[in-house]
Amino acid sequence: MGGTAFRPQGVPGTVTRVYGRFMTEKIWAHSGDSHFLEPDDLWHQILPKNEADRMPRTERISDHEERVTVDGKSFTRELPKIMTAKGATGETIEQMSHRPPGARDVRLRLRDLDEEGIWGEVVYQSIGLWSSLIEDPQLIREAARAENEWLASEIQGVAPDRLVCAALMPMLDVGDAVAELQHAAEVGLHLVSLPTGNPPGTKDWNDDSWEPLWAAAEEAGMVVGFHIGTDGGDQSTIYRGPGGAILNYVHTCYGGQHAAMKLVTGGALDRHPGLKVLVSEGGATWVPFIGDRMNEAYRQHGMFVRPRLSTLPKEILYRQVYASFQHDESAPAALWAMGYQNVMFGSDYPHLEGTFGHTQKTLHELFDDVTPAVRQRITRGAFEELFPHVSAPPA
Ligand code: MN
């Protein structure tokens with residue numbers, strides 16, 4: 001992960017080790033990608049039993065597999081391998097995908113974050129992400145309302161200047177979605193979580209049927225968050241055979257790219273210049289690449305393009321789409337070498353893909369060799385632009 005290897009010598013913007021901080025100096029960053037592991041009985045705490053019984057749940061069925069059950073449908077998925085890590089409280093813990101000490105306990109979570117050097121963070125659900133598989137509009141409408149009130153008071157409410165909880169959204173009906181977005185804003189949430197793949201029976205994200213939702217999000221100042229790996233169903237085993245683990249892992253990031261492209265090309269972001277989108281956990285260097293390809297299509301295939309946009313698609317993508325990454329050594333260059341300003345760090349706490357246990361090491365590897373302005377923008381500036389209410393880290 002040493003960040004210097006891929007950098008051509010003499011490129012403006014890289015001055016190796018001149019800007020470098022000492023490894024002992026703590027770098028504080030906000031995170032555009034984190035998760036909370038809900039209590040096992042959450043749905044039964046906040047919903048009537050007949051509804052709670054139909055909500056997503058997971059159970060371990062072997063060392064390496066779990067079963068996900070949602071409203072009568074179920075499938076099995078592979079779990080990451082067991083690793084060990086040291087928690088903030090000093091004990092050695094078993095780190096499955098969700099096991100740092102603060103994964104389930106929001107007060108312990110803040111200790112983990114302080115130790116790692118993460119200040120503000122976008123907090124997505126874990127089990128709740130499977131709610132996009134629900135096909136009953138009433139069930140998801142009532143679950144979203146209850147969950148968002150619980151998130152606002154029980155999780156975000158513990159540290160409202162640091163935690164930005166992602167609202168669960170009822171996406172089977174656009175009217176329900178608009179109503180819940182407004183409700184989520186009223187209870188103090190700042191971001192709505194949408195799945196990268198459209199829920200069953202709904203139109204694609206570039207379809208005009210979603211227009212009332214984009215208008216409502218802009219009006220309420222609500223960020224639209226797409227976390228990768230939410231295309232629908234189990235994406236952990238799309239590929240099998242040689243290379244399968246890596247193929248499947250990389251595959252999960254494409255849905256976020258598609259969702260962002262649809263909001264640009266369908267005109268939603270052009271019609272709503274105040275609407276901001278965050279693609280979490282999907283890296284950042286895809287943005288310049290996708291932007292270039294969209295511009296080429298817009299110019300060279302202009303006779304087929306509709307709607308026409310007020311400016312080039314890459315400009316809209318750069319302006320309104322933010323992208324979080326965790327380890328990608330090429331991500332800072334999307335900013336300093338390719339002009340994409342909305343690159344954002346994300347720790348993916350408490351997941352195995354994330355930086356828990358080595359966040360400071362990762363931050364130093366990423367940022368010791370870039371200018372202070374680049375580091376500031378990626379660790380803090382882009383996040384604070386989306387969530388200006390979040391307080392500043394300790395000096
Ligand atoms: Mn994540």
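A residue is called buried at under 20% relative accessible area, exposed at over 50% and partly exposed in between (1.4 Å probe, protein chains only). The model is predicted, so local features require pLDDT of at least 70 and side-chain atom pairs pLDDT 80 or more, whereas totals for chains, interfaces and linings use all residues. Residues are numbered from 1 along each chain as its sequence is written, and side-chain values use heavy atoms, with hydrogens and water left out.

Strand β11 is covered on both faces, with V277 and V279 buried on one side and L278 and S280 buried on the other. Strands and helices are DSSP runs numbered from the N terminus (E, at least two residues, for strands; H or I, at least four, for helices). Strands β10 and β11 run parallel and are joined by four bridges; pairing of two strands requires at least two DSSP bridges. Within this pairing, F226 is opposite V279 of β11. Strand β12 (residues 321-325) also pairs with β11 in the parallel sense, over three bridges, and V321 of β12 is the bridge partner of V277.

The manganese ion is coordinated at 2.1 to 2.2 Å by D33 (OD), H35 (NE2), H227 (NE2), E281 (OE) and D348 (OD). Donors are N, O and S atoms within 2.8 Å of the metal (3.2 Å for Na, K and Ca); water is not among the atoms, so sites may look incomplete. The spacing of the donor residues in sequence is D-x1-H-x191-H-x53-E-x66-D.

Ten aromatic pairs are present in the structure. Rings of Phe, Tyr and Trp (its six-membered ring) pair if their centres lie within 6.5 Å, and are stacked with planes under 30 degrees apart, edge-to-face over 60 and tilted otherwise. W28 and W119 are edge-to-face, because their ring centres are 5.6 Å apart and their planes are at 85°. W28 precedes β1 (29-35) and W119 belongs to strand β7 (residues 118-124), so this pair ties together parts 91 residues apart in sequence. Both W28 and W119 are buried. Y318 and Y340 form a tilted pair, with 5.1 Å between centres and 45° between planes. Y318 is in helix α11 (residues 313-320) and Y340 in the loop between α12 (331-336) and β13 (343-345), so parts 22 residues apart in sequence are tied together. Y318 counts as buried at 15% relative accessibility, as does Y340 at 0%. One aromatic cluster is formed by W205, W210, W214 and F226.

The charged end of R162 sits over the ring of W119, 3.7 Å from its centre, and that of R308 over the ring of Y298, 4.4 Å from its centre. This arrangement requires NZ of Lys or CZ of Arg within 6 Å of the ring centre and within 35 degrees of the ring normal.

The largest nonpolar core contains 75 residues, of which L194, W205, L213, W214, V224, V321 and V343 touch the most other members. Another core, of 17 residues, lies apart from it and includes L47, M55, L139 and A143. Such a core is a set of buried Ala, Val, Leu, Ile, Met, Phe, Trp, Tyr and Cys residues joined through side-chain atoms within 4.5 Å.
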